[in-house]
Amino acid sequence: MKEQWCIPEVDAKYVWRMENLLDLYGEAYDLKRPVICFDERPCPLIAEVRVPIPAQSGQLERYDYEYKRNGVVNLFAFFEPLVGERLMDVTQQRTKVDFAQQMKTLVDVYRPDADCIRLVVDNLNIHHPAALYETFEPEEANRILKKLEFHYTPNHASWLNQVEIEFSVLSRQCLKRRIPTREKLAEEVKAWQIERNARKARVNWRFSSAGARIRLGHLYPKLKHAN
C-alpha cells in the first residue's frame, strides 16, 4: 500500500496569504495591536507499568518498554513573537466551544489592554469567528470579535505560524518522556512556560516578503512565467 501525500495548491491566493503573514511579522511592535500566533496539538498521556530505575553515575535512567495509554488531551497555545511570551492551556478536548473560550480568555484576560489583536491561525474548521456565535450570546460574540483580526495561513502551510516552532521546542525540551495524567502534563507545561517566558525566548524569524520573492519565485504566477 502506497502512502498518499497531500500536495498543497500553490496559487496567487497562497502567495497573498503568505505575504500577508510575512508583512505582519515584519511590523514594529505595537502594544495596542499585538500579533499573536495561536494553534493546538494533541498530547497522549502515557503511564509507566513498572517503576523506572533512577539514573546513576555514568548511567541514564532506565525504564521498561511496556507502558499504559491513558488517553489523549489537547494543548492550546498562544505565542506573541515580538515579546517572546507564550501562554498554554491543557484541555480535555478541542471543539468550537473550546476555541471560542480561548478567544474570550485572550481578549479579557491575556490582552485586555489591546485595541485589536492580530491573530495568526491555520485553516482548521474550528478556527472561525462563527464559533463564537455558536458558543456565546450574539452581543458577547460580537464584543469579543471586535477586538480580533484573523490572519490565516495558506492551506497546508502551518509552518508560517510561528507557534508551530514553539510546539517543536516544547516537544524536545518537555514532552519527550512519559507523562501519565492531564494534571501532570499541565504542571510540566506550566513550568516550561514560566522558564521560557522569563528568558523572553523568541523565534529567530528571518523570512520576509522580499526574501520570498527571491527564494520562492517559482510560487509566484507572474515571476514564474517571467523566468
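**An enclosed strand and its partner**

Strand β5 (residues 148-152) is largely enclosed by the rest of the structure, because four of its five residues are buried. Buried means under 20% relative accessible area, with exposed over 50% and partly exposed in between, using a 1.4 Å probe and protein chains only. Strands are DSSP runs of E with at least two residues, and helices are runs of H or I with at least four residues; both are numbered from the N terminus.

The model is predicted, so local features need pLDDT of at least 70 and side-chain atom pairs count only at pLDDT 80 or more, while totals for chains, interfaces and linings use all residues. Residues are numbered from 1 along each chain as its sequence is written, and side-chain values use heavy atoms, with hydrogens and water left out.

Strand β5 runs parallel to strand β4 (residues 117-121), and five bridges join the two. Two strands pair if DSSP finds at least two bridges between them. Among the contacts across this pairing, I117 has L148 of β5 as its bridge partner, and V120 stands opposite H151 in β5.

Strand β4 is itself mostly covered, with five of its five residues buried.
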